[in-house]
Amino acid sequence: MTEKALRLGTRRSKLAMAQSGHVADAVRQLTGRPVELVEITTYGDTSREHLAQIGGTGVFVVALREALLRGEVDFAVHSLKDLPTAGHPDLVLAAIPVREDPRDVLVARDGLTFEQLPDGARVGTGSPRRMAQLNAYARSHGRTIETVPIRGNIDTRVGYVTKGELDAVVLAAAGLNRIGRADVVTDHLSVDTVLPAPGQGALAIECTAADADLAAVLAELDDPVTRAAVTAERSLLAALEAGCSAPVGALADLLVDGQVVHEMRLRGVVGTTDGSSLVQLSTTGPVPTSHDEAMALGRELADEMLAKGAAGLMGERAL
């Protein structure tokens with residue numbers, strides 16, 4: 001008798017299906033059980049409004065979580081940066097697998113890098129975080145760019161460039177890598193220039209708290225370093241009281257000396273979307289060995305950023 005298939009809830013986009021497919025393969029290998037993808041349409045997928053207007057946080061997550069709670073699916077895969085920072089009492093974040101490349105990338109006409117873009121170049125992004133940092137970077141080099149709000153899936157966004165409507169668009173490296181489209185990238189933006197969204201490049205695998213057996217199996221896919229890093233980043237975001245449409249960037253990475261990992265560095269940035277004002281700070285501490293230590297690292301940096309005026313930069317919305 002074959003075991004009943006595990007049902008994995010996923011959004012319908014090409015990227016979500018690719019991400020969920022990778023996880024399904026890993027769970028099949030772990031359990032020997034079949035895994036079937038259950039496609040779920042979320043409000044964020046059907047709304048044509050800009051993310052900053054529909055609230056950003058959670059718009060891609062709610063329908064998946066409702067399907068989990070109703071027992072229609074056994075587990076779900078999210079892009080971690082879409083998850084609200086507050087946990088859900090009836091669900092457990094069973095695994096955060098090894099993170100993909102967290103960087104942002106440029107897809108520009110004629111193979112241009114960011115430095116090679118002409119003055120006044122039109123650069124598409126729906127993210128206030130990217131707008132703030134790209135404008136600040138251009139400004140610091142005595143140049144101007146025009147950031148243009150866009151939405152849509154990866155193909156739609158890349159299409160703005162190939163059709164000549166925009167000079168460039170900025171996307172997450174992880175998404176392009178996962179759907180096999182890394183060939184369109186013309187420039188990887190250094191994290192020294194543009195800090196990614198908290199949790200960018202990481203996936204979250206969620207199941208109900210009641211399903212302890214499944215949670216224990218899924219936990220084998222968890223990467224402790226990735227979990228510590230993204231927990232610190234999301235703690236910073238939560239302490240700044242900002243949703244995923246706020247202009248906040250954060251990245252925690254390991255500081256390696258030779259072969260020895262000795263500390264974790266957390267960098268954070270918040271800024272006005274025109275790039276005229278940024279608060280960018282970092283803190284370094286021992287690699288967190290618990291959830292509470294990772295949370296404390298994020299809160300500590302958030303407190304320093306708030307003391308430097310970060311709160312005043314987050315009230316505005318780009319759209």
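Helices (H or I, at least four residues) and strands (E, at least two) are DSSP runs, numbered from the N terminus. The model is predicted: local features need pLDDT of at least 70, side-chain atom pairs count only at pLDDT 80 or more, and totals for chains, interfaces and linings use all residues. Residues are numbered from 1 along each chain as its sequence is written, and side-chain values use heavy atoms, with hydrogens and water left out.

**Helix α9**

Helix α9 covers residues 224-239, 16 residues in total. From first C-alpha to last, α9 reaches 22 Å, close to the expected 22 Å. That expected span is 1.5 Å times one less than the number of residues.

Among the buried residues of α9 are T226, A228, V230, E233 and L237. The buried residues of α9 pack against β11 (248-257), β12 (260-271) and α10 (291-307). Just after α9, E241 has a positive phi of about 55°.

D223 sits in the loop between α8 (212-218) and α9.

What does the side chain of D223 join through a polar contact of 2.5 Å? The partner is the side chain of T226. A polar contact is a pair of N or O atoms within 3.5 Å; within protein, one must be able to donate a hydrogen and the other to accept it, and residues adjacent in sequence count only if both atoms are side-chain atoms. Leaving aside neighbours within four places in sequence, D223 is in contact (heavy atoms within 4.5 Å) with I96, P97 and V98.

**Salt bridges**

The whole structure holds 19 salt bridges.

| Pair | Closest N and O atoms |
|---|---|
| R130 and D104 | 2.8 Å |
| R109 and D110 | 2.7 Å |
| R227 and D222 | 2.9 Å |

R130 lies in helix α5 (residues 128-140) and D104 in strand β5 (residues 104-108), so the pair ties together parts 26 residues apart in sequence. Both R130 and D104 are buried. R109 is partly exposed at 29% relative accessibility, and D110 is exposed at 65%. R227 is partly exposed at 25%, as is D222 at 22%. D192, D253, R265 and R267 are linked in a salt-bridge network.

Definitions and conventions
Buried means under 20% relative accessible area, exposed over 50%, partly exposed in between (1.4 Å probe, protein chains only). A salt bridge is a side-chain nitrogen of Lys or Arg within 4 Å of a carboxyl oxygen of Asp or Glu.
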